[in-house]
Amino acid sequence: MKERHLFTLLSVEAAACVLFCILQRSLSGLFSTLIAFPFEQIGAGLRVLSLSGAVGNVVAIILYMLLGIIPAGIWGFLHWRKKSEPLDFMLLVISALLFVTLYYMINPGLLSTGVPGTGKWSLGSTFYSVLLGYLLIRILLHYKNAGTEKLQKGLWFLLGTVSVVLVYGIFGQELGGLLQNLETVQKGNTGIELSDGFITFSNLTPTYVFLFLNFAVRILPYVLNIIVVFLARRLLAAMKEDLYQEESVKLAEKLSHFCVWTLASTIGLGAVFNLLQLFFQSSLYQLEYVVAVPVFSLAFVLAVLLFAKYIREMQRLKEDNDLFI
């Protein structure tokens with residue numbers, strides 16, 4: 001997938017996540033949680049169709065069976081083409097789980113959980129955890145004995161997938177959390193409005209400002225990591241052409257420097273936000289301190305720095321060998 005196409009895909013995903021967050025606030029019964037999408041909406045549609053009459057009920061049952069059998073059908077196709085692996089039997093388990101998930105989404109009244117309102121969330125989480133677990137293990141097995149070119153291509157697409165997850169983190173998870181916090185503060189505190197004749201000021205205004213600041217601090221790593229993904233994809237493209245060319249070395253060094261800057265700015269802004277929040281905490285009705293311990297990010301940055309030095313060293317060795325020959 002080219003950079004332009006990936007950017008278009010991410011833009012569409014961002015718009016869809018924003019739309020879902022808006023619908024979640026206005027139609028919570030139909031858009032309760034993003035992890036239940038699209039099963040919740042399919043279940044609601046099949047339920048309406050089933051209750052419309054005898055013909056509608058038959059159509060709903062047929063659609064329910066066709067949707068639930070899709071993973072099993074994929075396993076049958078792979079088996080018929082003799083491209084199946086022993087792990088692909090998990091598709092039959094996923095198919096059974098899909099039947100169960102859709103059934104309870106159609107009949108949400110049958111869901112019984114100790115924590116009210118978590119039924120659809122638990123169904124969606126369980127299904128996606130099993131599905132993603134199968135897909136990730138399948139990918140690992142596929143690339144286990146792959147050559148360099150195939151691994152580079154796999155990493156290229158994996159980085160694109162990472163950017164999709166990061167966009168969801170911004171416009172799905174964090175934006176949804178911001179809207180939820182704003183709603184909680186508004187419902188829990190009526191606020192006192194003061195006016196000087198020109199500007200109306202509420203004593204909840206500082207809290208709202210810090211909620212938006214917290215949102216900005218939380219999404220900053222996602223935004224910077226998306227840039228890292230695009231830089232890494234450019235580096236892979238340059239390495240595919242020629243590992244020892246100057247462009248590859250420059251891109252590797254640029255990526256390493258940007259990773260260091262990303263990590264430092266994330267930690268620094270988190271600390272600044274905590275200091276500001278501590279200074280204004282007497283005026284705030286909701287506090288959320290950011291304590292970042294980015295062990296994995298630090299390990300990644302060190303790995304990228306080491307990788308950049310390896311590329312530079314290999315280029316120097318190649319130049320020395322060329323001069324010797």
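How many cavities of 30 Å³ or more does a search of the whole structure find? The search turns up 1. Keep in mind that you're looking at a predicted model.

## The cavity

The largest cavity holds about 40 Å³. Its lining is made up of Thr207, Phe210, Leu211, Asn214, Phe273, Gln277, Gln286, Leu287 and Glu288.

Where do these residues come from? Helix 8 is the biggest giver here, with 4 residues in the lining.

## Two helices side by side

Helix 8 and helix 9 also meet each other. Their axes come within 9 Å and cross at roughly 175°. Angles over 145 degrees count as roughly antiparallel, so that is the label for helix 8 and helix 9. The residues of the contact between these two helices split into 22 nonpolar, 8 polar and 3 charged.

## A closer look at Asn274

Now zoom in on one residue of helix 9, the helix that covers residues 246-279: Asn274 has its place there. Is Asn274 buried or exposed? Its relative accessibility is 15%, and anything under 20% is called buried, so Asn274 counts as buried.

Who does Asn274 touch? If you skip residues up to four places away in sequence, its contacts are Tyr289 and Val290.

## The largest pocket

Next, have a look at the largest pocket, which contains about 1300 Å³ of space. It is lined by 36 residues, and the closest to its centre are Leu132, Thr161, Val162, Val164 and Val165. The elements giving two or more residues to this lining are helix 1 (3-26), helix 6 (119-142) and helix 7 (148-188).

Which helix gives the most to the lining of the largest pocket? That's helix 7, with 14 residues. Sort the pocket's lining by type and you get 29 nonpolar residues, 5 polar and 2 charged.

## Putting it together

For the largest pocket, look at helix 1, helix 6 and helix 7, with helix 7 giving the most to the lining.

Methods:
Residues are numbered from 1 along each chain as its sequence is written. This is a predicted model: local features need pLDDT of at least 70, side-chain atom pairs count only at pLDDT 80 or more; totals for chains, interfaces and linings use all residues. Side-chain values use heavy atoms; hydrogens and water are left out. Buried means under 20% relative accessible area, exposed over 50%, partly exposed in between (1.4 Å probe, protein chains only). Contact means heavy atoms within 4.5 Å. On a 1 Å grid over the protein atoms alone, a cavity is a set of points where a 1.4 Å probe fits but cannot get out, and a pocket is an open set with protein on both sides within 12 Å along at least five of seven lines; lining residues have an atom within 4 Å of a point. Grid points are joined across faces, edges and corners, and a volume is the space filled by probe spheres set on the points. Ala, Val, Leu, Ile, Met, Phe, Trp, Tyr, Cys and Pro count as nonpolar, Asp, Glu, Lys and Arg as charged, and the others, Gly among them, as polar. Axes are lines fitted to C-alpha atoms, for helices over the stretch in contact, and angles run from 0 to 180 degrees between N-to-C directions. Angles under 35 degrees count as roughly parallel, over 145 as roughly antiparallel, 65 to 115 as roughly perpendicular and the rest as oblique.
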